[in-house]
Each structure stands twice: as structure tokens, then as C-alpha cells.
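Hello,

Here is the structure I promised to pass on. Please open it first, then read my notes below.

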Amino acid sequence: MRKNESGDEIYSLIKKLYPICRSITGNGVRKTLGIIKDIIPINIYEVPSGTKVFDWVVPKEWNIHNAYIKNLKGKKILDFNKSNLYVLGYSLPIKKKIKLAELKKNLYTLPKYPNWIPYLTSYYNPSWGFCLSQKEYLSLKDEEYEVCIDSTLENGSLTYGELFIQGDLKQEILLSTYLCHPSLCNDNLSGVGLLTYLAKYLMEFKPHYSYRILFIPETIGAITWLSLNKNKIQNIKYGLVVTCVGDPGNLTYKKTRDGNSELDQIVKKVLDDSGEDYNLIDFFPSGSDERQFSSPGINIQVGSLMRTIYGKYEEYHTSADNLSFIESSFLDDSFKKYKEVLYLIENNNLYLNLNPQCEPNLGTKGIYSLIGGNKDEPLDKLALFWILNLSDGTNSLLDISIKAKIKFSVIKNTADILSEKGLIKIYNSNGIKNQFNPYLKDEDFYKKAKEKFDLK
Amino acid sequence: MRKNESGDEIYSLIKKLYPICRSITGNGVRKTLGIIKDIIPINIYEVPSGTKVFDWVVPKEWNIHNAYIKNLKGKKILDFNKSNLYVLGYSLPIKKKIKLAELKKNLYTLPKYPNWIPYLTSYYNPSWGFCLSQKEYLSLKDEEYEVCIDSTLENGSLTYGELFIQGDLKQEILLSTYLCHPSLCNDNLSGVGLLTYLAKYLMEFKPHYSYRILFIPETIGAITWLSLNKNKIQNIKYGLVVTCVGDPGNLTYKKTRDGNSELDQIVKKVLDDSGEDYNLIDFFPSGSDERQFSSPGINIQVGSLMRTIYGKYEEYHTSADNLSFIESSFLDDSFKKYKEVLYLIENNNLYLNLNPQCEPNLGTKGIYSLIGGNKDEPLDKLALFWILNLSDGTNSLLDISIKAKIKFSVIKNTADILSEKGLIKIYNSNGIKNQFNPYLKDEDFYKKAKEKFDLK
Amino acid sequence: MRKNESGDEIYSLIKKLYPICRSITGNGVRKTLGIIKDIIPINIYEVPSGTKVFDWVVPKEWNIHNAYIKNLKGKKILDFNKSNLYVLGYSLPIKKKIKLAELKKNLYTLPKYPNWIPYLTSYYNPSWGFCLSQKEYLSLKDEEYEVCIDSTLENGSLTYGELFIQGDLKQEILLSTYLCHPSLCNDNLSGVGLLTYLAKYLMEFKPHYSYRILFIPETIGAITWLSLNKNKIQNIKYGLVVTCVGDPGNLTYKKTRDGNSELDQIVKKVLDDSGEDYNLIDFFPSGSDERQFSSPGINIQVGSLMRTIYGKYEEYHTSADNLSFIESSFLDDSFKKYKEVLYLIENNNLYLNLNPQCEPNLGTKGIYSLIGGNKDEPLDKLALFWILNLSDGTNSLLDISIKAKIKFSVIKNTADILSEKGLIKIYNSNGIKNQFNPYLKDEDFYKKAKEKFDLK
């Protein structure tokens, strides 16, 4: 596989999606989903404006065709075709002549970074406006202008994409990202790109869990999906919101509301095993759609694995969050980490040691060299002993790898060998622990356990 | 309100009480309680000498009228009227001529601080003696002296004061201080002064909890009260011993025996929110009356909020613990902290989010501005989200403020607004948590919960 | 008692055992056990080769009479009589002429320490070989040699020693060491020596617990004993593997699999009370026989109290682990620590405060001076208060000493005085806690508890 191959693919997709003007509804979202559908077979859903979704209502659909500010000589000072960030999201249509003083009431800038255009929206407060750089703002002369926003805000629908990948288990893992931002790369498109290729990857092998992949507009999309899919919530074991995965920062994991869910332990182990620096952040009820998924009446354990968290890099929600800000290599690294998280989710099995009384005689099992007294035990021998010692019906491979302070992959590979050699047997898949513990000092009890679980 | 107004009032009361010679029984206690009664309507109880109280017996009543040491020229070397600390507490009456060598057997000094008179007592070991400064001791000539202690130790009673403030709840909060020390300010009188005005403050509003305020002699008073009021113990939720609240030191909190009671969390939060340095001390079975309240067969969770803890300042139990050692501003600061503790106790409610599934549409509730994309979320918006997220029937406002790392007052004020706007509703007052949690994924169950709690 | 008297005795025994060539079976073990039997009345057991023990089979018995490498001039290059480490353990018999190149395939050295002979074995992989120093190896000339190993590997038996000391209780404490190493001192013989004299010490007083002392070959011996004594496992409360107790390092404690068993708390307290530096190591499923005792189907809580742990000193498993490496003073110090551990095990009782409501009136019990107001409370007064406060049926003396941060011996001695004075009474011996807690606020309940436990 080529260096950064996945990162390059993701970057190419982002590049294709970058020019599209997206919002929480409208054709930008449809066009984006159409491009994703060329890669993975998502279903695209349309939810009519006015649909009641919990405490909310699906808003009118917003579309924009053109927008500009012209001076009276007819020169375009600001042109939507050059950057869709120039228009305040969800701006009402307008076309009129206006004095500078009046115009200024509808202009938004970011004085701290005079060359950057801020990204702002006004979804639920009917309004119109332009965002522009402080530099552009200061160059405006005190004259009359023609402002034009050729937009529509009409009954239509909210559009989202969903892909369900059926696994062996009814239990689902939720992977969600949002696609409601216009030309912004790290916040938004990096998540869309990564999740598209992660879904493709998941479809290539038959996973154990089922996976539910969502491409939704932030907040209202999550609320809409949850409101319309209440019956699906109970099958979701936990989930991740994918966003901000293309910048140069270290990995950051925002924990689930529970704070110590299996998912939290898994992501922490992946990051620990990487040997790289990373940040762990406790759940807080702000941020992205984990806010909705983790609301008290929904209560799905949802974390978010990012690089630099939203709001903590200066380019966030500005025109500087562009194709130069993200890099293929960072996307590739994030993609690898997500694959490792899936690897742990899929392989966090619970085994039973079939020779629980003292160590098995490994010398007779063709597993290890018999010369004793060697000071330097190779690590996998220790992994082997840890698995045998802790496979008592209460510790999953993840638990074992954490207690042993050994990489999960080493524990998993060693467990495979032990399983193949008949020394351990899968007891209950994917770490779903059973209260029943067959390892008691009572021999008969152990025999019954063997029968019950059809162990030889 | 004037700067240090409460501190000044407390200081004035201490000044008035300072000259009185108190002990564990006698007229000094009665006089002290009489002065307190001018401020708050305490009941004064008399328990006869000889009354059996658990493993103890109420002692004989001690009163003292005069005491001195004269030289044979008739000059008073030591005069009880100049300092009541000169007499060993509970000294038997004596009047006789005595040689210096013999006298010395009954003299007590503090060589480390040659100008200070130590405070000593001999409650249960019939004896007599004088305490004096090392300097006075060294100036005694080898001659004969006339010693006189005009005291009485006779059947009488133990006197204590009690004020019960009826609140909405049967559950009581205990606030206790001791009033058995003679002219000592920080250890003893500062607690008496602060608790008097705290009781006055509590009476001015109708509290939710009931409050039981005790002014008792240390040890024997607590034992007596507990022995005679066994039926009241079960209503006491927890309590505080008020002492050493006038010195310049940082606040110190000695935890309850439990170590993590609601009271411990409350006091810690008050101290954290203050932004000031403070000391946390684990419970130990010595100190003041928390020893009795926390004995295994009583087991009330009682902490103690002080400034410098008894025994840890050099002036402790000496004549230097006088009106100059304490200051109005420190008393005022301690008073404020106690009021904040009461504020948390009274307002630690449990709310239920009435729109638990995803976030409520706050834009329609007239609560916050609708312009999105703003980087700088004001803190109270985060408080709002925390309250909504955690008001699931398991987290009190205190729990929320601790998890959110937000000041309790901000959480409380935000909760008031949310409650007013109909977004949350009091579920179970004062943090008394119910095992029943209405936020399950089952919609029907939630509906039943709504009915059960009469939520709309 | 003479300085290092126990250390000197242990050292003498080690010196006597040092020359014997031990292995996991054979006459070396028998001879060693015979010498131990001169000191303590162990039973010696023989388990026939071929006996099935769990997943293992008792191996053939190995004995060795002589071994050497001669050059063709008849000069002995290597002589078993000079060091039994020269022979690879469990070497098959051989006598033949051999070229250097061929010989080298059966030679083992330790290049890092050119003067030391490594200790290696090949128990379960029929083979032959010599171990020698790198210096000796390099001096070998390219010529023909005569190699001779005069050994036998035949049906016989595995030999081990066991001593059962009957105490008042059916519950047993397991003390185990291994005796399968040839001339190695710290790893192996120091444990044998210390455990021999610890058993002698235990027999001199009538212990409360029963003690089971094992002298067994490592791994196969533990497996054999466990397999043949399954019915005894349930009586074992916990145990210690005694090894590496003669070197100059600090004490090291490897915890039980549980990690916070009573034994772990006891050993930690002994080490804390010593005021010396020490190391605490979490359980890991490698090392000595705690591997077998802590396997999931056996699950006895077994720790190991050592000085420097095996494998962490350079002399480990080499000829440098000799009589100069260990010292009488270190053995003596280890012996003292083991005795203190036994002291805590035997005295970790649970008492009941017979005056649980408030403090008892100690002044009437002849326990302490009655002059109050003394700043400097002697430590044992605090110990007294801690015992009274925590003796509520849930805290053993160990729990109290840990919470109070007071030496166990001070707590124990103070408890003896309180018990003698009738203030506390043994509730349930040896810290075996009862769910039933008599200290509730209900007086009647307490009265019933008093009756139930026949307290006055």
C-alpha cells in the first residue's frame, strides 16, 4: 500500500466537496451526498419542512444561487462565487441599494485576523448579512452599494445520508459526522471524507458488530434522526462523532458521558499503544452531536476522536480552515487510528482458560522453547501468561491488555495462537461479560460450567 | 451593608462575653446564655448534678467569686479579678498560708512563652492551682504566701442553651458550639459569637431544613445533650461544630467521619468556589464535640469549619488568645463562608429535564441569542447545558456544579431561569436522591414517570 | 538475643546446603529435606514418576554422579565436582569423544559476565550440555575432547517436604519455598533457610491460624502439591512464597492477584511501619510458584516478600549468586519482617466498643491523667480514641492502624489495655468481618446485638 494512500483518497474527496455551498438543508447537502454515494451505497432521506422532531421543527429549506455587493460603478466588492463564506448562512433574499452606514449593520468580520472571513449563520432568526475580512471591511468607501442575495427559504426538506452495515450481531456501533458547513475543511469535510472511506473499509470485511453510519446536518440532523429512529436507539452500544481529523495537532479524545465506557477504554488503549502524545478530555455537554446523543433521555455513549478539537485552533470557523490547513498525512494517521479503534471493538473478546488449574504444560503444546532459566522472557510469553491467568470469565482481551500493560494487538495475536492450540476458548463474544464465573474452587461447579458452555 | 458589618456585630458580642469566667457549669455559663438570649430566643436548660448521661455523670456545679495569691505584706501577686485564667479551672476552695516550695506544686506555667498565662483545668480530679506566666513565676521570692480561692463545688446543674428553628422539612441540620472557656477568644468565643448571629440570620428567612443550634459546655455538654435527646438523633442529617473562626489563618475544614458526606462535598465546594487557599483535614477522633457526635453508637456526620485549627496556633489555650488575636474582618469572612454553606445546603435540589430527548429548542424559549458559530460561549450557556444534560434524576445541583467545575451560585441561578421557563422541574428536594431514574430508553416508562411526578 | 542470631542460624544452614546438587527430582532434594528435618519435623513425600498432575505428568527422576570435559591429554577442563552449575540441569548421560565445533553446540555461557557460570536447565527437552564461563569457553582449543555426564533419568519420584502446624482455626496460612536449584544462594537457598527457621519459630508458640509450610521443587512441585491436595485449597486464606531474602537490596513485595487482599494490606503496613524504603510490585503471572497458586482455577491469594526480586540482580541464575552474595544481617532483617507479618496476621482482630455512645468516661477507668488542656497528647491516647471510634464491627485493628496512620504494634498494645479494662471486646477474631453491624441508631437493635454477642 502506498504511503498515505488512504489519506490521499480522503484528501481528494475533500477537494471535490470543498467548493459546494452546504447548509443544514438544501441542494449543497444533496450534491455532497451524491458524491459520497459514488463511493459507498448510502441511502438518502428527505424529511419535509415542518416535521415535528422532539422539541424542534424541521426548518424551511434554504438554497442560494448568487450573492454580491456592488458599488455604484457596478464593480463587485464581494462575490459569492469567489467564496461561499461571504454570505451569512440562511440569509433571506434581498436586492436593494443601501448606504454604507446601513450596510454595516449586516456585516460581520474577525478583527483579530484581518485577512480571514469568519463563518457565521442565522438558522432560526430570519435575517440577512455578509461576512468579510476586516481588511475588505476597512476598504469600503462611504458610498451607496447594491446588495444582492439571491436565495430562497421555502418549504422543502432536510436531507441526510445513512448507511447500515449488517454484522453478525444485532448490536450496533454508531459513526456519525455532519455535512452542513460550506467551504470549511477540518471542521466538517475532514470528518465527511474520513467516515466515507472508513465505511468503505468496513464493507470490505464482514464485521462482527453492525455499523450505522450517518451523514447529517449538525444539531437539527441529529435531533431529526433520533426522533425518527427511536426504535433503533436501544441497539446502539456506543458511537463516535468524526470531525476535525485533518489538522497537524495531536490526537484528542473527548470521552463519552459515562467517562469510563468500553469505548473510552478502547480509544485510550489505542492512543496509549501508539506511543504518541495525545489529549483526553472529559465529556462536556457542548460541542458537536454528542450533545444530542448524550442527552439524558437518549443516553447513548458517544465520544469523539479528533486531532485538534473545534474551537481550539485559530482557523476554526474561518476561511483559513481551507485545503492548505489540512494534510493528507494527518488524514491518513487519523484514518489509521480509527481503524485501530474498530480493530479493538471487533476483537475485544472474552475467553475461557480450558486448563485453569495451574499453568498448562506448554512444553507439550508446541508453543514455546523448553530451555528454562532464561532471564530475558520475550514479551509474548508474558502476554501468554497474562491471558491464561486472566481468562476466568471476567476479563476481556481489552481488560487483559490494560492490566498487563501490553499492546492490544500482541494480546490479540497471542490469544489467537492459544485458541488455535485449544488452550482457551471464546466464552462470550465481544467482552459482554456474564455475571456467572465458572472458576470457583469447586470442581463440580467447574465441570458444570464446561458442560453449559460446551467446552471439551 | 457596611463592610464587615456582621464581623463587627460578632466582635462586639465577643467583647461583652470576654470578661466572664465560664466553666463547664456555673454562673458564667448562665450569664453568657443570658446575653445570647438578648439576641436570639434560645431555651436555657438546667440538668441536675448527678444525672447519669451515658457512661458519665453530670458533675457538681463550680462557681468562683474571688482568688488571689498575696505576699505577707498583703500585696496581691496574682489577682483573679485581673484575669480569670489565673485559676486552674474547677479548683477546690482554699485559703491558707503556704511556703513557696509547697505553693510551686500547684503552679502551672508555659516556659516557651514567658509572658503568657496558660489555660488549664482539672474537672474530674479534685484539686486546686494557679496558672501564671513564666515571668511572674520566676519573680516569686522564697517567702510565705497567702493563697485564696473562694470557689464552691456543690450540687447544682449543668446549663446549656438550645434553639430549634422549624423548617419545611423534618430533617435537621445541627450547628453546635461550646461555651465553657473563660477569657479566651478564638477558641470558644469566636464560635459562640458567629453561631449566635448565624442563628439570627437563619431565623430571618424561613429555611427549608430545620436547624438545631446548641450552645453547650464541651464534651460533658455534648454527652448530656445526646443522652437526653436520643430520639432527636435520627432526624439530624449532618452538622457542624463552630469554633476558631476569628484568627487570621486560612479556612480549615475537618471532614466528617464518613469523609465524603454531602456536607463534606458542600463545604469543599464553598471553599473551592472562594478561589482562596484552604486546608482539608480528614476526620480524627480527637478535637471538639465532633468526637461525641461521631462516636460509633451516635454516628452523626459532623464536620468543623474553622480558620486555624485548635492546637495549631501558638496562642491556643493561653492568655494570648485575647481580643487582639481575633479581628472583625476574619470573623466577617468566616460568617460569609458559613452563610454560603447554608446556601448550598438549602439549595442543593434535584431537577428533572422536561425535554430530556436531545436539547430543547432554546431559540423558541427566549433564552439565548440565535447567531451560531460564535466561538466564545459565555459561561452561563455552558451552565445551562450542564444542567439540562445532568438533570436526569441522579445529579443534584451540587453534583452538577462539581462535574461542570462551575460555581454553585452560577448553576443555581441558571437552574432558576430554566425552572421559570418550564425547562426543568424540581424532582426531589435537597438532593435526596431516589433510586428511581425516569430517563430510560423506554418511552412508555418515561411517560409513566411524567405522570407519577405530575410533570406536564 | 545475639545480634543477627536468626540470620546467623539461617546462614549456617544455607552454607550446609550450598554444595548439594539439587534439581526438581532426585537425591539432592532428599538430602536437603533430610537436613531440614533435623531442625523441624517435616513430612517427606514421594510422588512416583508418571503421576498425572493436572495438565502435567511427574517427570522421571534425575540423578547425577559425575561430569567433566577432558582434553585428550586427560586434563579436566571442566569438573562437576568443582561446581555443579557446570552441568545443564537434567542432562542425559553421555560419554564420548567430540570435536570442539560439535561440543560448542552444547555449551552455554554468559558473555556479559566473562567469569560467571550461568545456571541453565532442560527439564522437559531431553538434551545434554555444559554451562561455563565465557573465559573458560574462549580458552578452549580447537581439538578433540572427552565429554562425560554420568547421570541417570529413570522412573523414580518427585520429592517434597511439608509441615502442618495446627492452630486454633481451621483456616490456614500457606508458606511456600522451592528447593530445586543447585549451588545458588539468594535465589532458592535463602528462602529455604528462612522458611525453616520461621517454621521453627511458629512451632514455639501456639498460633491462632493453622500454617502449612511447603518445601517443593518450583512449578512441577507446586502443580503436584495442588493436584494431590485439592481438598485443602479451600481452607487456605492466603499465602507467601519465600525467596530472594539474603541480598543487600531493599525489601520488595509482589502483591497477590487480588491486589488488595488482607495479606497485601498487612505486608504493606509492616513495610510502612518499618520506616525503610521498599518496593511494591503488582502481581504478574510469571515469577515463582505464585503463578500456580494464583491460576484462575486455584485462585489462592499468594504474594511474595523478597529483597531484590529474581531477575533484577545481575548475579541471578549465575555462579555469582554464592555464599558471598548473601549476608547474615540481610537474612536477619528479612526474618524480622516475616515475623512482623505473622504478628499482624495473628493479631488482626475485630473489637467492639462496649460504650459506643459518646466517649466512655476514661477518667473513671484508671487509664489517663485528668488534667485537660494539655497541647501535647501522647500518641497512644490518640490510638485509644481511634480504637474506640472505629471499633464498630467494621474495622479490624489493621484497618484502624491504617486509617489512624499509627504503627500496628501501638494499636495492638493499646487495644490490649482497652480490652483488659473492659472497654472493648473481641467481636470476631482475625478481622473476619461480619455484615452485621450492631452500631445503628436504634437502641433496641444495639441491645439485641449485645445479647447476641454475649456482651455485658
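**Strand β12 of chain B**

Strand β12 of chain B, residues 210–216, is mostly covered, with 6 of its 7 residues buried. Bear in mind that this is a predicted model.

Two strands pair with β12(B). Strand β10 of chain B (residues 157–165) runs antiparallel to β12(B), over 5 bridges. In that pairing, B:F215 of β12(B) is the bridge partner of B:G161. Strand β11 of chain B (residues 172–178) runs parallel to β12(B), and 7 bridges join the two. There, B:R212 in β12(B) stands opposite B:L174.

**Chain A overall**

Chain A holds 14 helices and 19 strands. Its C-alpha atoms fill a box of roughly 95 × 45 × 35 Å along the principal axes. Of its 456 residues, 49% count as buried. Now take the contacts in chain A with a separation of 6 or more: 80% of them come from residues 24 or more positions apart.

**Helix α2 of chain A**

Which residues of α2(A) are buried? The helix spans residues 27–37, and the buried ones are A:G28, A:V29, A:T32, A:L33 and A:I36. Looking down the axis of α2(A), these buried residues fall within an arc of 130°, so they line one face of the helix.

**A four-stranded sheet in chain C**

Chain C has an open sheet of 4 strands in the order β5-β4-β9-β6, with antiparallel pairing. Its edge strands are β5 (76–79) and β6 (94–99) of chain C, each pairing on one side only. On average, neighbouring strands of this sheet are turned by 15° against each other, direction ignored.

One pairing in detail: strand β4 of chain C (residues 61–71) runs antiparallel to β5(C), and 3 bridges join them. C:Y68 stands opposite C:D79 in β5(C).

**C:F335**

Is C:F335 buried or exposed? C:F335 has 23 other C-beta atoms within 10 Å. The cut-off for a buried residue is 20 or more, so C:F335 is buried.

Where do the contacts of C:F335 lie in the sequence? Leaving aside neighbours within four places in sequence, C:F335 is in contact with C:S6, C:G7 and C:I10, and also with C:L194, C:Y197 and C:L198. C:G7 is 328 residues away along the chain, yet the C-alpha atoms of C:F335 and C:G7 are separated by 7.3 Å.

**How the chains relate**

Chain C can be laid on chain B with an RMSD of 0.2 Å. Which residue of chain C comes closest to the rotation axis? C:N260 does, with its C-alpha at 12 Å.

**The interfaces**

Start with chains B and A. The contact takes 26 residues from chain B and 28 residues from chain A. On the side of chain B that touches chain A, α11 (379–390) and α14 (443–452) of chain B each supply at least two residues. α11(B) gives the most, with 5 residues. This side of chain B divides into 11 nonpolar, 9 polar and 6 charged residues.

Next, chains C and B. The contact takes 25 residues from chain C and 27 residues from chain B. On the side of chain C that touches chain B, the elements giving two or more residues are α11 (379–390) and α14 (443–452) of chain C. The largest share, 4 residues, comes from α11(C). This side of chain C divides into 10 nonpolar, 9 polar and 6 charged residues.

Best wishes

Terms used: Residues numbered from 1 in each chain as written. Chains lettered and ligands numbered in written order. Predicted model: local features only at pLDDT ≥ 70, side-chain atom pairs only at ≥ 80, totals over all residues. Buried ≥ 20, exposed ≤ 12 C-beta atoms within 10 Å, placed from the backbone. Contact = placed C-beta atoms within 7 Å. Least-squares fit on C-alpha atoms with pLDDT ≥ 70 in both. Pairing = 2+ DSSP bridges. Axes fitted to C-alpha atoms, helices over the stretch in contact; angles between N-to-C directions. Arc of directions from axis to C-beta. Nonpolar A, V, L, I, M, F, W, Y, C, P; charged D, E, K, R; others polar.
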